[in-house]
Amino acid sequence: TLCNRLFSDDSVRSIPLRSLLNNRESPSEIQQSVFKNILKSKAPMNETPSNSSSLINKLTVPPRGCVRLIDGNLTSRKKSIWSMEAWKDGWFEVQDAGSQLIVEATGAKMGEIVIDYCAGNGGKTLGLASMMFDKRNIEDGSQMPPNVKSHIIAHDVVKERLRQIEGSLERAGLGPSGNKDFIIKTTHDADADLSDGMADVVLVDAPCSSLGVLRRRPAQRWLLSKSYIDDYLPSLQLEILKKAARFVKKNGGRLVYATCSIYKHENEGVVNEFESSSEFHDQWERWDFPGGMSHFQTLLPSVHDSDGFFYCTMETTMNELHKIFEFG
């Protein structure tokens, strides 16, 4: 398991977050959580059923494979977490637990084509790959079917970020010579073109004000203006969302819109504008979370002990023929 690897390689103790909640201990500081890179380890995730119905409240559950470091003084052994042997060998990535929940909201599975449209440094790209490789996400729960390829395309307008993603993929064993069950490319590659209707899933982690991560970047508040977050950003976010929506396939393709902001103008405001268009009513429907909850969720640092996030899920409308085929 990842916990064993962290201890054997770096003498760092850790515990699966689901076990931590199951034991009713305080899940403080989960923002420094780690998700397991099962793509390289090929080891099954530590699946500990939790009696807790939530991460902190009833809206969310801990991400799969998420562990918490419980050593109080990492620096006594290493200068930083990035110097840990397990990290350098591609066994894990550091990511906020809330960010991991956005990845899980995509429902990405083995054999699908997924676009990480605003990929940034590639954290969610690696998270998507990890989730898609999870055997529990195969439809019938059996062994992985032969000759089934999963495709992930990471896109960002900043080319340097795409080059950084390629380095991260190589470290995680997902480069050109890595795992053959995946074809993972960035739009930095000449043959990684995006085309309308090509993807089962498109994740749009849109550029935003970052108001949800002020505890990490407190100076950010002095860099924002009211017109920037009221007018410029929502307009840009809506434009990006509409562009990304074109790449979702018809009849059941999924679209997830997310920000690391807690400001409604950037979140519900953008989604409501998108849903008010004639194109939405003709081609899209809300994809509600299980249990009859709404199709969007907001995570708050004061409530969930994660960074602040918003995410919303939608899917393309299935015609009657596809409904009969899908549901028998």
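Among contacts in the chain between residues at least 6 apart in sequence, 77% join residues at least 24 apart. This figure, like the others here, comes from a predicted model. The chain has 328 residues, and 52% of them count as buried. Its secondary structure comes to 12 helices and 12 strands. The accessible surface is about 15800 Å², with 52% of that belonging to carbon and sulfur atoms.

**Strand β12**

Start with β12, residues 309–316. Eight of its eight residues are buried, so the strand is largely enclosed by the rest of the structure. Its side chains split into two sets. F309, Y311, T313 and E315 point one way. F310, C312, M314 and T316 point the other way. Both sets are buried.

Which strands pair with β12? Strands β9, β10 and β11 do. The table gives the residue range, the bridge count and one residue pairing for each.

| β9 | 254–259 | six | antiparallel | R254 and E315 |

**Nonpolar cores**

Y311 also belongs to the largest nonpolar core, which has 34 residues. Along with V114, L128, I152, L174 and I184, Y311 touches the most other members of that core. Several elements each supply at least two residues: α5 (97–105), α6 (123–133), β6 (150–154), α7 (159–171), β7 (182–186), β8 (201–205), β9 and β12. Helix α6 gives the most, with six residues.

A second, separate core holds 24 residues. Among them are L241, A245, V270 and M314. Recall that Y311 and M314 point opposite ways from β12. Y311 is in the largest core, and M314 is in the second one.

**Aromatic contacts**

The count comes to eight aromatic pairs. Two of them involve β12.

One is F289 with Y311, an edge-to-face pair. The ring centres lie 5.7 Å apart, with 90° between the planes. This pair links distant parts of the chain: F289 sits in the loop between β10 and β11, Y311 sits in strand β12, and the two are 22 residues apart. Is each partner buried or exposed? F289 is buried, and Y311 is too.

The other is F296 with F310, a tilted pair. Here the centres are 5.8 Å apart, with 35° between the planes. F296 lies in strand β11 and F310 in strand β12, so the pair ties together parts that are 14 residues apart in sequence.

F296 has 31% relative accessibility, so it counts as partly exposed. F310 has 0%, so it counts as buried.

**A charge over a ring**

Another ring contact involves W87. R171 lies over the face of W87, at 4.0 Å from the ring centre.

**Back to β12**

Notes: Residues are numbered from 1 along each chain as its sequence is written. This is a predicted model: local features need pLDDT of at least 70, side-chain atom pairs count only at pLDDT 80 or more; totals for chains, interfaces and linings use all residues. Side-chain values use heavy atoms; hydrogens and water are left out. Buried means under 20% relative accessible area, exposed over 50%, partly exposed in between (1.4 Å probe, protein chains only). Helices (H or I, at least four residues) and strands (E, at least two) are DSSP runs, numbered from the N terminus. Two strands pair if DSSP finds at least two bridges between them. A nonpolar core is a set of buried Ala, Val, Leu, Ile, Met, Phe, Trp, Tyr and Cys residues joined through side-chain atoms within 4.5 Å. Rings of Phe, Tyr and Trp (its six-membered ring) pair if their centres lie within 6.5 Å; planes under 30 degrees apart count as stacked, over 60 as edge-to-face and the rest as tilted. A charge sits over a ring if NZ of Lys or CZ of Arg is within 6 Å of the ring centre and within 35 degrees of the ring normal. Contact means heavy atoms within 4.5 Å. Accessible areas come from the Shrake-Rupley method with a 1.4 Å probe; for residues, only the protein chains shown count as cover.
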